[in-house]
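Me: I would like to learn how to read the features of a protein model, one at a time. Where do we start?

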Amino acid sequence: MAKSVPGIVVFVALMLTSFVLTAIHNLSPIENARAENEASAYSDTSKPAPIVIGHRGASGYVPEHTLAAYSIAILQGADFIEPDLVMTKDGELVARHDNVLDLTTDVARRPEFGARKTTKIVDGVSITGWFSEDFTLREIKQLRAIERIPEVRPANARFDGQFEIPTLQEVIDLVKSMQRAQKRRIGIYPETKHPTYFDGLGLSMEAPLLHILHSNGYKGPRARVFIQSFETANLKELRQRTSLPLVQLFGSATSKPYDVEAAGGDLTYAKMATRAGLTEIASYAGGVGPEKSYVIPRDANGKLELRNQTSFVADAHAAGLMVHPYTFRAENSFLPLNLQNGSEPNVFGDAQAEIRLFLEAGIDGFFTDHSNIGVAARDAFLVRP
Ligand SMILES: *[C@@H]1O[C@H](CO)[C@@H](O)[C@H](O)[C@H]1NC(C)=O
Ligand SMILES: *[C@@H]1O[C@H](CO)[C@@H](O)[C@H](O)[C@H]1NC(C)=O
């Protein structure tokens, strides 16, 4: 008996290692050895390195917003992991991209919750489904995550039903333990989802979010955290209540932040992207998170070229703002035409080349579903800028 215990431990360790290596190696086109060499060269430089943000965790490889997804992103070298946050009925913050639970959990397959299905207006859009604000944390803990886009990422769906929905505190606990194991600081980049909507339900997110961050030691402008939002009013409110770094996200140019929309305002994201708009943002935020096309739009043929770079990065930098565009994804279907690899939509194309162009455009970090590819692209750029 005494001898079989280490055997089991070794077996489990090998399983975990092979799982991680499979995720890192088989599923990506990077040359690991080269990336490692370049990473060590990078550690010698004193330049501030652009940050790699694990978008929803390693969401290219496992169902998003799970502790498995965040862990793999960290093991792949992400500098930050990005939990999106929604509220439960009992006021807890949990990691989901949407308050609509059927998009990323198995709630629709659970007869005990069948009666919770309903129709609501969320940010002006009518949606039928199951909503986080109608479930207590205890109930949400009975659900399991499923892959959001199984048609694009069929391999991820093999994990459907395996992972819980984590709370923000559990995400922080994971980061703290992995910081010790990895001997490096790992940031968190939480996004408040639908803050105006949750205000309307009496479930405001700002106070619980700040309470959890501050009580876990995230304090001051140098804390390894960025709080992000597509809305403006909640960021301005947060600025009054914390000195933690804040990031203004940008949606499509013609649309407005939902708080502006709800208040009958006329501020579009296009106006916010002007020099005057960026200067105004700098009064309450330290960075901006634009959709990629604000930085380099694709041409009419779907090609991406550096000569088409806009003045967005220069204007944001002149206003004192960092620029972290979203979202870099490796599958052909998300890549510009000139960087695709054949015509199969789910095959990986040259995502490193896309990231490289944006690094050359001067960005300070970026959101990616494939942190391993992002780290390889970033490290190669630091060696040969
Ligand atoms: C292109 O796709 C093929 C599979 O169809 C793959 O073997 C190859 O590694 C891909 N090339 C790159 C640069 O990702
Ligand atoms: C990209 O740049 C080329 C050359 O300056 C120009 O002809 C083309 O219209 C630009 N496309 C976009 C989408 O800006």
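Reply: We start with a contact between two helices. Ala351, Gln352, Ile355, Arg356, Leu359 and Glu360 in α13 meet Ile373, Gly374, Ala376, Ala377, Arg378, Ala380 and Phe381 in α14; contact means heavy atoms within 4.5 Å. The residues of this contact divide into eight nonpolar, two polar and three charged, where Ala, Val, Leu, Ile, Met, Phe, Trp, Tyr, Cys and Pro count as nonpolar, Asp, Glu, Lys and Arg as charged, and the others, Gly among them, as polar. Helices (H or I, at least four residues) and strands (E, at least two) are DSSP runs, numbered from the N terminus.

Me: What conventions apply to the model?

Reply: This is a predicted model, in which local features need pLDDT of at least 70 and side-chain atom pairs count only at pLDDT 80 or more, while totals for chains, interfaces and linings use all residues. Residues are numbered from 1 along each chain as its sequence is written, chains are lettered from A and ligands numbered from 1 in the order in which they are written, and side-chain values use heavy atoms, with hydrogens and water left out.

Me: At what angle do α13 and α14 pack?

Reply: Two packed helices are described by the angle between their axes and the distance between the axes. Here α13 and α14 pack at about 50 degrees, with their axes 9 Å apart. Axes are lines fitted to C-alpha atoms, for helices over the stretch in contact, and angles run from 0 to 180 degrees between N-to-C directions. That angle makes α13 oblique to α14, because angles under 35 degrees count as roughly parallel, over 145 as roughly antiparallel, 65 to 115 as roughly perpendicular and the rest as oblique.

Me: How many residues of α13 are buried?

Reply: Seven of the 10 residues of α13 (351-360) are buried, that is, under 20% relative accessible area, with exposed over 50% and partly exposed in between (1.4 Å probe, protein chains only). They are Ala351, Glu354, Ile355, Arg356, Leu357, Phe358 and Leu359, and they pack against β13 and α14. After α13 comes Gly362, with a positive phi near 100 degrees.

Me: In what order do the strands of the open sheet lie?

Reply: Strands of a sheet pair through backbone hydrogen bonds, either parallel or antiparallel. This open sheet of four strands has the order β7-β2-β1-β13, with parallel pairing; two strands pair if DSSP finds at least two bridges between them. The edge strands, β7 (187-188) and β13 (365-368), each pair on one side only. Four bridges join β1 (residues 51-55) to β13, and Gly54 stands opposite Thr368 in β13. Helix α14 (residues 371-383) packs on the sheet, touching β1 and β13, and its direction makes about 170 degrees with that of β1.

Me: Which strands are joined to β3 by bridges?

Reply: Two parallel bridges join β3 to β8 (residues 191-192), where Glu191 is the bridge partner of Asp84. Three bridges join β3 to β4 (residues 93-95), which run antiparallel, and Val86 stands opposite Val94. Between the strands of this hairpin are five residues, and Gly91 takes a positive phi near 80 degrees.

Me: Which backbone details deserve a check?

Reply: Among them is the peptide bond from Tyr326 to Thr327, which is cis, with omega near -15 degrees. Arg56 has a positive phi near 60 degrees without being glycine, and is buried at a relative accessible area of 10%. Asp123 likewise is not a glycine, yet has a positive phi of about 50 degrees; at 22% relative accessibility it counts as partly exposed.
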